[in-house]
Amino acid sequence: MSRIELTDVVVDFPIYDGRSRSLRHRILGLGGGRIGASAGHNVVVHALRSISLSLADGDRLGLVGRNGAGKSTLLRVMAGIYEPIAGRIAVTGRLGSLTNVTMGMDMESSGYENIVVRGLMMGMSRRETLSHLTDIESFTELGDHLNLPLRTYSAGMLLRLGFAVSTSLEPEILIIDEMIAAGDRSFADKAAKRLDRLTSAAHILVVASHAPETLKRLCNKLALLRDGQLVEVGPVTEILQRYEAEG
Amino acid sequence: MSDASEESRMRHDLRLAWLDLLMAARRRHLIAHLAWLDVRQRYRRSVLGPIWLTVSVAFQIGAMGLVYGELFHQDVSSYLPRLAFGLTMWGLISTMVADGCMCFIAAESFLKQEALPKSMFPARVVMRSLMVFAHNLVVLLAVIVIFLPLPGWGALLALPGLALIAINGMWIGLVVGLLCTRFRDLPPIVGSFMQVAFFLTPVIWVPEALHGKWWWLVSLNPFASFLSIVTDPLLNVPTPVSRWLFAVAVTLVGWTLAMLLFGRFRARITYWL
């Protein structure tokens with residue numbers, strides 16, 4: 001059984017300019033107020049303000065909200081990338097995220113080498129990764145290109161490879177940031193099918209998206225975010241209407 | 001905040017820091033692989049590949065050995081081995097410190113995309129530095145064969161010394177990596193510090209040349225102790241016990257400091273990137 005439990009989660013991003021990033025200014029600033037009033041004050045962006053949310057098996061949650069409302073930050077908090085500065089989060093279940101599928105790829109290494117590194121990064125052992133190899137090979141349709149360094153790949157080929165590896169495991173909790181707009185037509189169809197398999201196997205799904213069709217297809221409830229606050233959680237059509245009314 | 005909750009918070013932070021180290025240890029294959037990729041990056045598209053690293057060190061030692069040997073009125077056959085061991089060990093120490101500064105900054109794309117243990121990245125720097133250092137072994141072996149009597153079993157004492165240096169590289173990476181991520185003007189400062197430390201440490205000069213003056217430059221210099229515990233066994237001279245004690249003390253103090261700092265600010269690293 002999988003769970004995600006957020007209680008009063010707060011995330012603030014400090015915005016550092018050249019001054020506050022500098023140790024010199026920091027030390028001079030301690031000496032007295034003459035150096036400039038701004039020296040000690042950091043600008044802070046309130047990315048998430050006191051979010052409480054609880055998800056269990058069967059929940060398919062879609063996150064909606066304008067750009068900068070905190071959707072991606074919330075996903076990253078759930079994925080454990082940002083630890084909240086206040087409040088607590090508890091996650092039970094093997095978690096996988098499809099946010100940036102080409103993350104951490106090494107352009108000088110071959111496709112095969114990158115598959116292994118990516119697999120290790122996702123927590124698989126070398127052997128486990130290799131057991132998924134035929135599946136990945138056939139899905140990417142990259143053939144002999146997999147022996148070449150990634151710098152010879154086109155953007156579409158990179159995406160195929162990244163997508164194939166990232167989706168080779170079936171996580172219990174699946175986190176998706178914006179549906180991946182995938183290369184050519186035939187690949188887009190294949191990718192959609194593979195994604196469907198993953199989303200239906202997951203115990204909990206959390207998706208951030210702007211596309212109403214995607215949300216209607218994948219989710220059974222939506223959460224509306226505004227300025228880092230959770231405005232409302234409810235049925236898909238209802239929240240969508242409210243979101244669209246907001247404009 | 002009251003003292004009690006302050007203390008329990010610190011305990012909590014320390015536990016998470018310790019957990020982070022354990023998780024990193026579990027991912028040692030990934031760390032080794034990333035370190036190896038870093039090393040291979042240096043070979044890429046160069047014809048000489050790994051040999052290049054080795055040859056450049058050999059040239060450096062040869063040239064400096066002749067010039068400085070003459071300058072310091074040293075007999076080449078006794079000066080050159082010291083210089084060879086000293087320079088390569090200093091190379092290891094200074095890359096661990098300099099690259100340690102960048103360990104989290106360079107890993108931004110990883111840390112912002114996946115929940116990975118933070119201490120993986122200083123460990124990657126230590127491992128990479130050791131791999132690059134290993135390229136010097138051929139040169140060091142050649143120096144031993146040409147200039148020194150065949151080493152006995154005592155030379156193996158260099159290995160625990162090397163291990164202690166690596167253990168220290170890890171805490172240094174945690175500390176400077178964290179500070180440099182927060183204060184971006186620190187890496188050049190650390191660079192200058194290491195430059196000065198190089199000249200104050202008996203790497204290109206020999207302690208005897210001081211004739212007893214400034215004795216503290218050697219005996220109170222942690223770098224001198226760390227050099228001594230590796231190079232003395234190789235040169236077949238006994239390592240003073242005080243050097244080992246000093247090195248171990250630095251290790252303990254350093255790790256305590258690193259755990260407190262890492263515990264307190266570990267979670268902030270992704271925010272600072």
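Trainee: How much area do domain 1 of chain A and domain 2 of chain A bury between them?
Mentor: This is a predicted model, in which local features need pLDDT of at least 70 and side-chain atom pairs count only at pLDDT 80 or more, while totals for chains, interfaces and linings use all residues. Residues are numbered from 1 along each chain as its sequence is written, chains are lettered from A and ligands numbered from 1 in the order in which they are written, and side-chain values use heavy atoms, leaving out hydrogens and water. The assignment, from an automatic or database source, gives domain 1 as 3-93 + 208-245 and domain 2 as 98-202 in chain A. Buried area is the accessible area (1.4 Å probe) that two parts lose on being put together, summed over both; here carbon and sulfur atoms carry 54% of it, and the total for the two domains is about 1,100 Å².

Trainee: Which three residues supply more of the area that domain 1 of chain A buries against domain 2 of chain A than any other three?
Mentor: The three together account for 37% of the area that domain 1 of chain A buries against domain 2 of chain A. They are R60(A), L75(A) and L218(A).

Trainee: How many residues of domain 2 of chain A are in contact with domain 1 of chain A?
Mentor: Contact here means heavy atoms within 4.5 Å. On the side of domain 1 of chain A there are 16 residues in contact, and on the side of domain 2 of chain A the number is 11.

Trainee: Which residue forms a salt bridge with D196(A)?
Mentor: A salt bridge is a side-chain nitrogen of Lys or Arg within 4 Å of a carboxyl oxygen of Asp or Glu, and the rule finds 1 across the interface of the two domains of chain A. For D196(A) the closest N and O atoms are 3.0 Å apart, and the partner is R217(A).

Trainee: Which elements give two or more residues to the side of domain 1 of chain A that touches domain 2 of chain A?
Mentor: Helices (H or I, at least four residues) and strands (E, at least two) are DSSP runs, numbered from the N terminus. The elements in question, in chain A, are strand 1 (3-15), helix 2 (71-78), strand 4 (86-92) and helix 8 (212-218).

Trainee: Is T214(A) buried or exposed?
Mentor: T214(A) has its place in helix 8 of chain A. Buried means under 20% relative accessible area, exposed over 50%, and partly exposed in between (1.4 Å probe, protein chains only). Because its relative accessibility is 12%, T214(A) counts as buried.

Trainee: How much area is buried between chain B and chain A?
Mentor: In this pairing 32 residues of chain B are in contact with 37 residues of chain A. Carbon and sulfur atoms give 50% of the buried area, which comes to about 3,000 Å².

Trainee: Which residues of chain B lose the most area to chain A?
Mentor: Together, three residues make up 24% of what the chain B side buries. Those three are Q113(B), R182(B) and Y271(B).

Trainee: Which residue forms a salt bridge with R118(A)?
Mentor: Across the interface of chain B and chain A the rule finds 3 salt bridges. In the one that involves R118(A), the closest N and O atoms lie 3.4 Å apart, and the partner is E114(B).

Trainee: Which element gives the largest share of the side of chain B that touches chain A?
Mentor: At least two residues of this side come from each of helix 2 (28-43), helix 5 (108-111), helix 8 (158-182) and helix 13 (269-272) of chain B. The largest share is 7 residues, and these come from helix 2 of chain B.

Trainee: Why does H135(B) count as buried?
Mentor: H135(B) is found in the loop between helix 6 (120-134) and helix 7 (137-147) of chain B. Leaving aside neighbours within four places in sequence, H135(B) is in contact with V39(B), Y43(B), P50(B), L53(B) and T54(B). H135(B) counts as buried because its relative accessibility is 12%.

Trainee: Is H73(B) buried or exposed?
Mentor: H73(B) sits in the loop between helix 3 (50-71) and helix 4 (76-101) of chain B, and although it is not a glycine, its phi is positive at about 50°. Because its relative accessible area is 72%, H73(B) is exposed.

Trainee: Where is W214(B) placed?
Mentor: W214(B) is a residue other than glycine with a positive phi, near 50°. At 53% relative accessibility, W214(B) counts as exposed. Its place is in the loop between helix 9 (186-200) and helix 10 (216-219) of chain B.
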